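Open the model in your viewer and keep the selection tool handy. We'll go from stop to stop.

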Amino acid sequence: MDTYARFPISLSRGRGVWVWDEDGKRYLDCVAGIAVCTLGHSDPSLRRALGRQLGRLQHVSNLYRIPEQEQLASAIVEQSCFDRVFFCNSGAEANEAAIKLARKHGQVVRGIRGTTERPPLILTAEASFHGRTLAAVTATGQPKYHQGFAPMVQGFRYFPYNDIAAFEALLAAAEADGPQVAAVLLEPLQGEGGVHPGDRTFFQRVRQLCDAKQILLIFDEVQIGVGRSGRLWGYEQLGVEPDAITLAKGLGGGIPIGALAVKQAVDHFRPGDHASTFGGNPFACRAGLTVLAEIRRRRLLDHVQRMGELLRQELGALVARHPAQLAGVRGWGLLQGLVLKDGGPTAPELVKGALAQGLLVVPAGPGVVRFVPPLTIQARQLRQAVLLLERALVHLG
Ligand SMILES: Cc1ncc(COP(=O)(O)O)c(C=O)c1O
């Protein structure tokens with residue numbers, strides 16, 4: 001079906017940070033399937049591990065224990081502040097699980113009965129992005145994604161990201177007649193909404209307010225999680241521990257997997273409450289295990305910090321060379337946004353120009369070009385990426 005506005009190229013082969021189209025043209029891939037191919041394309045360790053797994057067992061049902069799933073849950077738990085994990089297949093599906101957990105939390109902990117007249121509320125940020133299933137897209141604070149799909153799911157309210165006063169006002173209004181807010185759902189860094197890093201003071205205040213009322217605090221780390229920020233989890237950048245996080249994208253390095261990780265105290269799910277046929281199957285969990293093991297073995301977190309700094313510097317220098325068209329750079333680690341000025345090329349125009357130069361980048365809204373390369377990208381390749389982008393910029397005039 002015609003759901004995507006696609007570029008007119010077909011990619012048929014990849015190796016490391018490079019991909020080739022069917023005509024043999026090579027591209028430097030700073031999209032990585034939109035923050036998915038953590039280890040790059042056709043990574044030998046992932047190929048080996050997945051080949052072996054396929055030779056042993058690819059899928060069984062969650063009717064049975066799955067050792068690879070238990071190992072991946074342990075790997076996440078050992079390296080985070082969480083205790084329990086539910087596996088699914090995508091970011092939207094992970095957020096659906098989180099939304100269901102939030103409603104149950106509202107009932108069990110806060111005594112919110114959850115009627116149509118007075119639904120449990122989940123507060124999310126304007127310009128957020130949480131996926132495209134009906135509840136996840138309702139959570140997404142961008143009206144353009146709601147158009148044509150009314151009525152949306154009940155019980156979502158929005159506030160401006162990083163705005164303490166607005167958040168406090170919304171919370172006070174929502175709780176004026178007693179408990180009604182079940183959860184707050186936030187990205188530690190807004191990716192799709194324009195690459196806006198979370199503000200530490202704001203997040204710490206949200207944590208305090210949620211603690212005071214026993215409101216569930218959930219971070220959507222679908223894009224920023226699994227090493228992309230230079231820390232394994234985005235919450236580490238903010239000095240705040242959420243009660244739960246959602247993961248997907250980079251966790252499987254290109255194999256579909258999603259996860260909801262929670263602290264023991266808010267694990268309200270009981271057998272029968274939630275499920276997914278494919279969720280956490282041996283093949284996908286082997287991918288997740290390999291990605292996490294390789295991040296450690298290759299010390300990729302240090303690497304991402306160094307490469308993120310380099311990318312910021314290089315993009316900063318680009319901004320200084322083209323002040324009429326470029327406004328600045330923002331982001332964490334290897335999720336960086338180049339902010340464009342009005343009057344120059346738009347992000348979609350610049351992305352299209354970059355493609356012609358052999359560089360893949362992706363817009364984050366109309367005014368930001370996003371870099372989300374494999375975490376394995378090297379300094380030389382990052383410099384080359386910025387050079388290619390500059391060529392595209394100059395070419396567009
Ligand atoms: C922060 C965030 N949450 C959720 C999603 C949705 O993930 P998926 O496309 O795997 O459903 C995305 C995808 O871009 C995302 O960036």
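In which sense, left-handed or right-handed, does α3 pass α9? Before you look, two ground rules. Residues are numbered from 1 along each chain as its sequence is written. This is a predicted model, where local features need pLDDT of at least 70 and side-chain atom pairs count only at pLDDT 80 or more, while totals for chains, interfaces and linings use all residues.

**Stop 1: α3 and α9**

Select residues 67–78 for helix α3 and 282–297 for helix α9. Helices here are DSSP runs (H or I, at least four residues) and strands are too (E, at least two), numbered from the N terminus. The crossing of α3 and α9 is left-handed, a term for a near helix turned anticlockwise from the far one by less than a right angle, with right-handed meaning clockwise. Show the contact residues: E68, Q69, Q71, L72 and A75 from α3, and P282, C285, R286, G288, L289 and L292 from α9. Contact here means C-beta atoms, placed from the backbone, within 7 Å. By class you'll find 6 nonpolar, 3 polar and 2 charged residues in it. (Ala, Val, Leu, Ile, Met, Phe, Trp, Tyr, Cys and Pro count as nonpolar, Asp, Glu, Lys and Arg as charged, and the others, Gly among them, as polar.)

The two axes are 8 Å apart, at an angle of about 30°. Axes are lines fitted to C-alpha atoms, for helices over the stretch in contact, and angles run from 0 to 180 degrees between N-to-C directions. α3 and α9 are therefore roughly parallel to each other; angles under 35 degrees count as roughly parallel, over 145 as roughly antiparallel, 65 to 115 as roughly perpendicular and the rest as oblique.

**Stop 2: α2 against α9**

On the α2 side, pick S45, L46, A49, L50, Q53 and L54; on the α9 side, P282, F283, R286, A287, T290 and E294. That contact divides into 7 nonpolar, 3 polar and 2 charged residues.

**Stop 3: the ligand**

Now zoom in on the ligand. Of the 15 residues around it, S90, G91, A92, G131 and V222 come nearest; the cut-off is a C-beta atom, placed from the backbone, within 6 Å. Helix α4 (residues 91–110) gives the largest share of this shell, 3 residues. The shell has 5 nonpolar, 7 polar and 3 charged residues.

**Stop 4: a sheet with a helix across it**

Next, find the open sheet of 4 antiparallel strands, in the order β13-β14-β17-β16. Strands pair if DSSP finds at least two bridges between them. β13 (326–332) and β16 (362–363) stand at the edges with a single partner strand each, so one side of each is left without a neighbour in the sheet. β16 is joined to β17 (residues 368–371) by 2 bridges, and V362 stands opposite R370 in β17. Helix α10 (residues 300–321) lies across β13, β14 and β17, at about 170° to β13.

**Stop 5**

Most residues other than glycine have a negative phi, and most peptide bonds are trans. Select I34 in helix α1: its phi is positive, about 60°. Then go to P151, in the loop between α5 and β6, where the peptide bond from A150 is cis, with omega near 0°.

Notes: Contact = placed C-beta atoms within 7 Å.
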